[in-house]
Amino acid sequence: MNPVDISNVTVAYDRKPVLQEVTFNVPEGKLIGIVGPNGAGKSTLIKAILGLVPTASGTVRIYGKPYKAQRKLVGYVPQRGSVDWDFPTNALDVVLMGRYGHIGWFKRPGKKDTKIAMQALDKVGMKEYADRQISQLSGGQQQRVFLARALAQDATVYFMDEPFVGVDAATEKAIIALLNELKAQGKTVLVVHHDLQTVKEYFDWTLLLNKRQVALGPTEEVFTIDNLQKTYGGRLAFLDQQVNQPFVQQ
Amino acid sequence: MSYGAWIILTGSLVGVSCGIVGCFLILRKMAMLADAISHTVLLGIVLAYLVSHSLEGIYMLVGAGIIGLLTAFLVQVLDTSGVQSDAAIGVVFTSLFALGVILLSAFAGKVHLDVNHALMGEITFIPWDTLTINGMDLGPSAVWMLGFVLILNLILIFFFYKEIKISSFDPAMATAIGIPVIFIHYLLMSMVSITTVASFDSVGAILVVAMLIVPGATAYLLTDRLIIMLCISAVIGVASAVGGYYAALAWNISISGSMASIAGLIFGLTFILSPKHGLLGKVLARRSISTQHS
């Protein structure tokens with residue numbers, strides 16, 4: 001059964017369609033980049049799958065069942081800028097929030113949860129920052145705390161919203177290592193990504209999106225100039241035709 | 001217990017309850033919504049009286065709870081349908097409060113409540129309005145009501161602590177893992193409403209906002225841990241109440257006004273002196289950076 005199966009999903013804000021009739025399913029154990037211009041609905045797609053924005057139509061299935069029945073199988077990394085990092089809490093506490101979905105009502109995180117959270121922090125190289133107030137962390141460190149929180153969710157399918165934005169080189173490397181490790185464990189990861197130059201290097205599969213789905217498949221097959229032009233329209237330029245490295249004119 | 005002790009106890013209960021609930025308002029950036037609710041509960045109190053023909057605490061709590069939720073709900077509705085959120089609060093709060101004032105003036109003869117009392121509170125009279133059951137004098141009824149509300153607040157925060165925490169910090173994540181963020185929002189709004197109405201008699205609608213916001217805002221400057229922030233806020237609430245009472249005694253001034261002023265004073269001192277977020281700390285940090293580089 002496919003980890004993510006979406007058919008005919010349409011999302012509209014104030015009658016303006018943001019996503020139109022998106023239909024796709026992805027195989028298990030792949031790193032999938034979701035790529036498209038600003039306003040293409042990349043984040044909205046993830047939010048629609050997780051039930052954070054209402055869909056006007058369409059169905060979402062995670063391993064054959066609606067998302068609500070499969071919450072524990074899904075891990076989520078929101079955009080770093082979506083929360084207030086001045087909140088009075090430390091890194092370990094934020095990672096522990098990844099356990100909340102497993103704990104249930106009226107209970108507190110226990111020793112086992114703390115152990116899982118510490119392991120997750122260790123995996124992203126943040127163990128020594130466990131007690132650090134989150135506003136005292138750099139942007140890259142905050143992003144790693146968010147990744148550790150998703151790891152603590154112990155999920156099978158992961159959705160990550162722009163994890164590479166505004167991070168340092170060390171964090172970028174740590175994220176890539178982590179993505180590959182998740183893949184090696186047979187997990188499926190969907191990542192909203194905006195840097196076209198690294199798509200081929202990072203992702204096995206690519207979903208090209210611009211309100212409608214342009215293409216989905218193995219990166220070497222779908223990440224073509226033709227498809228990119230369809231996705232980005234006139235905004236795409238090519239630095240060097242020989243190495244075929246596309247970039248977006250801002 | 002002496003007259004003064006009852007007033008201090010009443011003020012302290014207001015300080016603890018408001019201080020704890022207020023922390024969440026600050027973290028969720030909803031201080032102005034508390035201001036709105038503290039005024040609209042007047043409508044709840046008047047309606048509760050008109051329905052029940054009694055000024056018993058329990059009717060007041062239910063009436064205020066319902067109107068508090070209505071306020072939060074209307075603000076949410078206007079906000080999501082395109083009205084600016086601060087304008088939405090302004091519209092809802094003044095309309096419902098005005099309705100409360102009209103009803104109060106229309107039935108003024110029958111209701112033992114006046115606008116001035118509702119706005120400013122009168123903690124001085126608290127000790128004489130006692131709760132009597134079977135002829136037994138059990139102490140001021142305000143103390144009973146405040147105690148009940150405090151215990152209710154503590155129980156709710158204890159049981160829903162992690163849900164309140166995650167939905168305050170990261171509502172999207174909370175929703176994704178199945179936490180009913182909207183339910184938590186209205187739960188907090190109910191807590192604000194009943195805390196407000198219970199504190200109403202003692203400090204009034206305007207100063208209850210000071211007790212809700214100022215201790216939490218002060219505690220926010222002093223700690224990086226949520227649980228400690230709640231404790232500090234409660235302590236500052238009590239300190240304001242006790243300090244306010246004695247200051248009022250010394251200078252023969254309004255007790256409620258003096259309590260709110262002490263809270264403001266504590267905030268001012270903290271704002272300047274707090275080692276982490278205070279002005280002094282920032283100046284020192286800047287100076288140490290500039291000496292390192294010179």
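Tutor: B:Tyr245 has a relative accessible area of 7%, so this residue counts as buried; the cut-off for buried is under 20%. The model is a predicted one.

A pair of aromatic rings is described by how far apart the centres are and by the angle of the planes. For B:Tyr245 and B:Tyr246 the centres are 5.3 Å apart and the planes make an angle of 70°. The pair is edge-to-face, because planes over 60 degrees apart are given that name.

Over all chains, the whole structure contains 13 aromatic pairs. One of them joins A:Trp85 to B:Phe169, again edge-to-face, with 6.1 Å from centre to centre and 85° between the planes. This pair crosses between chains. On the chain A side, A:Trp85 sits in the loop between strand S5 (74-77) and helix H2 (91-96); on the chain B side, B:Phe169 is part of helix H7 (residues 161-169). A:Trp85 has 11% relative accessibility and so counts as buried. B:Phe169 is at 3%, so it counts as buried too.

There is also an aromatic cluster with members from chain A and chain B. Chain A gives A:Trp105 and A:Phe106, while chain B gives B:Phe158, B:Phe159, B:Phe160 and B:Phe183.

Now the surroundings, taking chain A. Its secondary structure consists of nine helices and 11 strands. A compact globule of 250 residues would have a radius of gyration near 18 Å, and chain A agrees because its value is 18 Å. Along the principal axes, the C-alpha atoms occupy a box of roughly 55 × 40 × 35 Å. Buried residues make up 51% of the 250 in chain A. Of the contacts between residues at least 6 apart in sequence, 66% link residues at least 24 apart.

As for the surface, chain A exposes about 11300 Å², with 46% of that supplied by carbon and sulfur atoms. Chain A carries 30 positive and 24 negative side chains, and 7 Å separates the centres of the two sets.

Technical notes:
Residues numbered from 1 in each chain as written. Chains lettered and ligands numbered in written order. Predicted model: local features only at pLDDT ≥ 70, side-chain atom pairs only at ≥ 80, totals over all residues. Heavy atoms only, no water. Helix = DSSP H or I, 4+ residues; strand = E, 2+ residues; numbered from the N terminus. Rg over C-alpha atoms; globule rule 2.2 N^0.38 Å. Buried < 20%, exposed > 50% of the residue type's maximum accessible area, 1.4 Å probe, protein only. Contact = heavy atoms within 4.5 Å. Areas by Shrake-Rupley, 256 points an atom, 1.4 Å probe, with all protein chains shown as cover. Lys, Arg positive; Asp, Glu negative; His and termini not counted. Charge placed at Lys NZ, Arg CZ, Asp CG, Glu CD. Phe/Tyr/Trp six-rings, centres within 6.5 Å; stacked < 30°, edge-to-face > 60°.
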